[in-house]
Amino acid sequence: MVPTAFKIALAALLLAGSAAQAQQAAPATATPSSTKTKVKTKRGQTSQASQAGAQAPVPPAGTLAAAVPAPPAGGPPAPRPGDGPGRPAGPHGPGPAGPGGPRPAGPGQGPQRGGVRALTDFTGTLTEYTAANDEQVYDAFQLKTSVGTETVRFPRHLGQALQAAAKAGSTVTVSGFRDTDPEGRASLHLVSLTAGGQTVRDTPPARPTTPPTEETTTVRGTVQRLLQDPKGRTNGLALSDGTVLHLPPAATEQLADKLKAGATVAATGTLRAAHPGEVAARPVRVVRAQTITLDGVQFLVQ
């Protein structure tokens with residue numbers, strides 16, 4: 001017979017082996033202590049993330065708006081950078097209206113206001129009328145005052161009216177403003193002239209009822225000198241026969257190597273007719289060139 005003590009020891013060994021196999025087969029489960037540790041760690045990470053978000057700089061509004069994904073096709077337009085509530089929607093989304101809509105006025109837009117000039121009155125004796133232009137049309141007169149002599153300039157179309165109101169030697173009162181010409185010379189510009197109870201004012205020229213007829217002519221001669229406009233650009237030629245041949249500044253630039261004193265020129269063009277109100281100091285033939293021939297080559301002037 002097997003002793004009882006031996007049976008008890010064998011049963012204890014069998015129970016211990018079964019328990020070890022059961023522990024190896026069972027899935028690992030987290031202990032209460034490890035669960036608490038994980039929860040604590042997660043809360044710590046959340047807290048650190050919150051602190052990092054509070055310390056990080058806030059990006060500008062345009063960056064946030066640019067990060068918004070585009071809406072699906074057919075949906076409302078995505079907001080653009082700088083858009084905000086309460087702004088009217090234009091053809092391309094909220095904000096200022098797109099092409100064709102109202103826009104703020106930029107530099108140079110809007111109504112332009114005229115400037116002002118200080119006027120001065122001068123009383124003296126009109127000594128002579130002068131013509132300071134290549135066409136020899138009166139456009140100024142000399143005014144002798146108690147302090148000196150002034151050159152008074154006026155629009156050409158006032159020549160007849162001024163000469164009818166004041167002859168050389170007349171006592172006149174002139175109202176005008178001072179200005180400087182492109183060459184740096186100071187001059188007095190006429191606004192009105194009063195002589196013998198008659199006043200002539202600077203008014204726009206009357207439009208002729210019938211436009212003047214332009215006469216076509218031909219000129220030939222030698223260049224005496226080059227003529228310039230108020231901006232210093234060459235705009236014509238003074239020929240040996242007294243003719244003034246006008247050319248556009250662009251044409252004179254292209255022909256600069258050929259347009260020199262002593263060059264022989266042949267040209268066709270239209271003869272300038274006298275404009276209403278003008279008075280010529282002496283007759284001058286003024287031609288606006290249509291073609292010009294230099295060194296045997298003919299050029300069309302446009």
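A: Helices (H or I, at least four residues) and strands (E, at least two) are DSSP runs, numbered from the N terminus. This is a predicted model, in which local features need pLDDT of at least 70 and side-chain atom pairs count only at pLDDT 80 or more, while totals for chains, interfaces and linings use all residues. Residues are numbered from 1 along each chain as its sequence is written, and side-chain values use heavy atoms, with hydrogens and water left out.

The strand to follow is β7, residues 186-195. Begin with its pairing (at least two DSSP bridges between two strands). β7 runs parallel to β5, and two bridges link the pair. Within that pairing, arginine 153 has histidine 189 of β7 as its bridge partner.

Strand β4 (residues 140-145) lies antiparallel to β5 (residues 148-153), with six bridges between them. The two make a hairpin, and two residues separate them. Phenylalanine 141 bridges to valine 152 of β5.

Now the side chains of β7. Serine 187 sits in this strand. Serine 187 has a relative accessible area of 4% and is therefore buried (under 20%; exposed is over 50%, partly exposed in between; 1.4 Å probe, protein chains only). Its side chain makes a polar contact of 3.5 Å with that of histidine 189. Such a contact is a pair of N or O atoms within 3.5 Å; within protein, one must be able to donate a hydrogen and the other to accept it, and residues adjacent in sequence count only if both atoms are side-chain atoms. Leaving out residues up to four places away in sequence, serine 187 touches Thr151, Arg153, Phe177, Arg178 and Asp179 (heavy atoms within 4.5 Å).

Leucine 193 is also part of β7. Its relative accessibility is 0%, so leucine 193 counts as buried. With residues up to four places away in sequence set aside, leucine 193 has contacts that include Leu126, Phe141, Leu162, Ala166, Val172 and Val200. Between leucine 193 and threonine 173 the C-alpha to C-alpha distance is 5.8 Å, across 20 residues of sequence.

Next, the nonpolar core: a set of buried Ala, Val, Leu, Ile, Met, Phe, Trp, Tyr and Cys residues joined through side-chain atoms within 4.5 Å. The largest core has 20 residues, and Phe141, Leu190 and Leu193 touch the most other members. Two or more residues each come from β3, β4, α4 (159-165), β6 (171-180) and β7. β7 gives the largest share of this core, four residues. Another core, of 17 residues, lies apart from it; Leu239, Leu247, Leu255 and Ala263 are among its members.

Last, the loops. Most residues other than glycine have a negative phi. Glutamine 136 is not a glycine, yet its phi is positive, near 60°. Glutamine 136 belongs to the loop between β3 (120-130) and β4. Is glutamine 136 buried or exposed? Glutamine 136 counts as buried because its relative accessibility is 18%.

Aspartate 295, another residue that is not a glycine, has a positive phi of about 55°. Its place is the loop between β13 (286-294) and β14 (297-300). Aspartate 295 has a relative accessibility of 63%, so this residue counts as exposed.
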